[in-house]
Each structure stands twice: as structure tokens, then as C-alpha cells.
Amino acid sequence: ARHYAIVPAAGSGSRFGSDTPKQYLPLAGQPLIHHTLAALCRHPAIDRVWVVLSPGDEWWREYDWSALGPKLETVFHGGATRAQSVASGLRAAQMAAAEDDWVLVHDAARPCLAAAMIDALVAELADDPVGGILAVPVADTLKRADVQQRAAATVPRDGLWQAQTPQMFRYGTLCRALAANPDVTDEAGAIEALGLKPRLVKGDASNLKVTYPADLSLAEAILRSRLG
Ligand code: CTP
Ligand code: MG
């Protein structure tokens, strides 16, 4: 089976709060999304990469993406939700993908994806009947708030993991799962709704999602530290 990647990149970054969508902000000398796409395009296990952009995207054409090589395809058909953008990517991949091929869905906003993380996902799921996701065990103590924003309970963190991306499932299964459950916040949620249990492959906290401005400084430090 082949491995394809779909990168939803059609969000507006409302929580980040900058005029330029966060995926295009400068990070270690490149637009943020360049790092994300480079990690996928240069990985030998990944055959092709579809990046899903907003139909009104004014930023993509401002940059030169040729360094990413021939695996990259653009889809200017992002939707109103992340899941709709992923569904657009799946439709674009339809000509290339067989039912049993693997699809890795990865957030544009996670620029610190390392080759070793893709290696782990691909190796650990190679014979898996369902597929799975990168995730990390929850580290912080969790509080349940009441309506007055007071801690009403401490939630045991045993068995709780934070979902990351990539999320890797068979093309056919993922298409069926998202068609049946279009309102999920991640692909694994749609697979779970089918009654299947995605495997949790241990990732690393450095694979952070840039959501707020402080995350961008952290991502910069992580990428710079890898340059040695
Ligand atoms: N995404 C997308 N289409 C959408 C919404 C999100 O392709 N309609 C993408 C984002 O571009 C991002 C990934 O999904 O790469 C994860 O979403 P998130 O971090 O929530 O990004 P935004 O939705 O842009 O940010 P916010 O929720 O703060 O508005
Ligand atoms: Mg969002």
C-alpha cells in the first residue's frame, strides 16, 4: 500500500488573532506551512501530498514552493470546517488512491513534525487493521470547572491522551467514516464513531499545534534547536 498525505490549511487562525493566517506567518526563515509540507514531501515513505487551501487564499501564490519538489499538489477547495477541508483533499486524491492505501492527515499548523514521528506511525501501523494517530499522554493535572470558573473536580488523567496529527487511516475507511460523521474535530473521531478503535502511537510534545502566539515562539525554538 502507498502512503499519501492530506494537509488541511484552509483555516483562518481566529484564536491566533493575526491578520495573516497563522500558516503563513514567518517561522525560522520560511512561512510556517513550508516546514509542515517539507517534513511530508521529503519523507521517503510519502508518495504524494495534497495541501487544501481556502478558495479565497491570497497568500499561497506569494511564495515559491518549488523547493518542496514534485510530490506536492494544491487543492483550492477548503471548506468551512477542518473536516470539510479534509474531505476536499480526499476527493482530490481519489484518482490516485486505492481503497487500501494509507492517508496521513496532518494539520498545516503543526510545523515541527519530525521524520522520526512519521517513521514511528508508518512502522507501528503497517499491519494494523484500523490505523491510528500520534498522541501523547496528558501531563498536566486536569480540573473540571463549574459555571463560576471554580475547580469542581480533579479529573484523573490515567488513560487520557492528547491527540496530535498525523492521523493515518486507509483511504476507503476514512472516506466512509467522514461521510457518515462530517462534524468531527479529528479523523480518529469519525473512525471511533464507526465502532473502530484507532491505535495511539506515542508522539512527542514537540509536535505542537500553533494555536496562540506563544506557540509560534516555541515552534521557532524547536526548529532552531534541530538545526544544531
Ligand atoms: N483548517 C482547515 N479548514 C478549516 C479549518 C481549519 O483546513 N475550515 C485547518 C487549519 O488551517 C489548521 C488545521 O485545520 O492547519 C487545524 O485547525 P486549527 O488549529 O483550529 O486552525 P484554525 O481553524 O485556522 O484556527 P482557529 O480554530 O483558531 O480559527
Ligand atoms: Mg479551528
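Predicted model: local features only at pLDDT ≥ 70, side-chain atom pairs only at ≥ 80, totals over all residues.

Visitor: How many helices and strands does the chain have?

Guide: The chain has 6 helices and 11 strands. Its radius of gyration is 17 Å, and the globule rule gives 17 Å for 228 residues, so the chain is as compact as a globular protein of that length.

Visitor: What are the spans along the principal axes?

Guide: The C-alpha trace spans about 50 × 40 × 35 Å.

Visitor: And how much of the chain is buried?

Guide: Buried residues account for 37% of the 228. As for contacts between residues at least 6 apart in sequence, 70% of them link residues at least 24 apart.

Visitor: Let's go inside. Which residues have the most contacts in the largest nonpolar core?

Guide: That core has 56 residues. Those with the most contacts inside it are Ile-6, Val-7, Val-49, Val-51, Val-52, Val-103 and Leu-178. Helix H1, residues 32-41, gives the most to this core, with 6 residues.

Visitor: Is H1 mostly covered or mostly open?

Guide: Mostly covered, with 8 of its 10 residues buried. They are Leu-32, Ile-33, His-34, Thr-36, Leu-37, Ala-39, Leu-40 and Cys-41.

Visitor: What do those buried residues of H1 pack against?

Guide: Several elements. The strands are S1 (3-8), S2, S3, S4 (48-52) and S5 (72-75). Helix H3 (115-125) is also on the list.

Visitor: Back to Val-103. What is it in contact with, beyond its sequence neighbours within four places?

Guide: Val-103 contacts Tyr-4, Ile-6, Ala-97, Met-168, Phe-169, Tyr-171 and Leu-174. Two of those names come up again with helix H4, residues 171-180: Tyr-171 and Leu-174 are buried there. Thr-173, Cys-175, Ala-177 and Leu-178 of H4 are buried too.

Visitor: What does the buried part of H4 pack against?

Guide: Helix H2 (82-92), strand S6 (102-105), strand S10 (161-170) and helix H5 (187-193).

Visitor: Tell me about S10. Why call it largely enclosed?

Guide: Because 7 of the 10 residues of S10 are buried, the rest of the structure largely encloses it.

Visitor: Which strands does S10 pair with?

Guide: S6 is one partner, antiparallel over 4 bridges. In that pairing Leu-104 has Met-168 of S10 as its bridge partner. S7, residues 131-137, is another, also antiparallel, with 6 bridges to S10. Gly-131 stands opposite Phe-169 in S10.

Visitor: What about positive phi? What is the phi of Ala-28?

Guide: About 45°, although Ala-28 is not a glycine. Ala-28 sits in the loop between strand S2 (26-27) and strand S3 (30-31). Ala-28 has 17 C-beta neighbours inside 10 Å, so it counts as partly exposed.

Visitor: And Gln-149? What is phi there?

Guide: Phi of Gln-149 is near 60°, again positive in a residue other than glycine. Gln-149 is in the loop between strand S8 (142-145) and strand S9 (151-155).

Visitor: Is Gln-149 buried or exposed?

Guide: Exposed, because Gln-149 has 8 C-beta neighbours inside 10 Å and the cut-off for exposed is 12 or fewer.

Visitor: Switching to the ligand. Which residues come nearest to ligand 1?

Guide: Of the 22 residues around ligand 1, Pro-8, Gly-11, Ser-14, Arg-15 and Ser-85 come nearest. The shell has 8 nonpolar, 10 polar and 4 charged residues.

Visitor: Last one. Where is Pro-55?

Guide: In the loop between S4 and S5. Pro-55 counts as exposed, because it has 11 C-beta neighbours inside 10 Å.

Visitor: Which residues does Pro-55 touch, leaving aside its neighbours within four places?

Guide: Pro-55 is in contact with Phe-76, His-77 and Gly-78. As for Gly-79, its C-alpha atom is 8.5 Å from that of Pro-55, and the two residues are 24 apart along the chain.

Technical notes. Residues numbered from 1 in each chain as written. Chains lettered and ligands numbered in written order. Helix = DSSP H or I, 4+ residues; strand = E, 2+ residues; numbered from the N terminus. Rg over C-alpha atoms; globule rule 2.2 N^0.38 Å. Buried ≥ 20, exposed ≤ 12 C-beta atoms within 10 Å, placed from the backbone. Contact = placed C-beta atoms within 7 Å. Near = placed C-beta within 6 Å. Nonpolar A, V, L, I, M, F, W, Y, C, P; charged D, E, K, R; others polar. Pairing = 2+ DSSP bridges. Core = buried A, V, L, I, M, F, W, Y, C linked by C-beta atoms within 7 Å.
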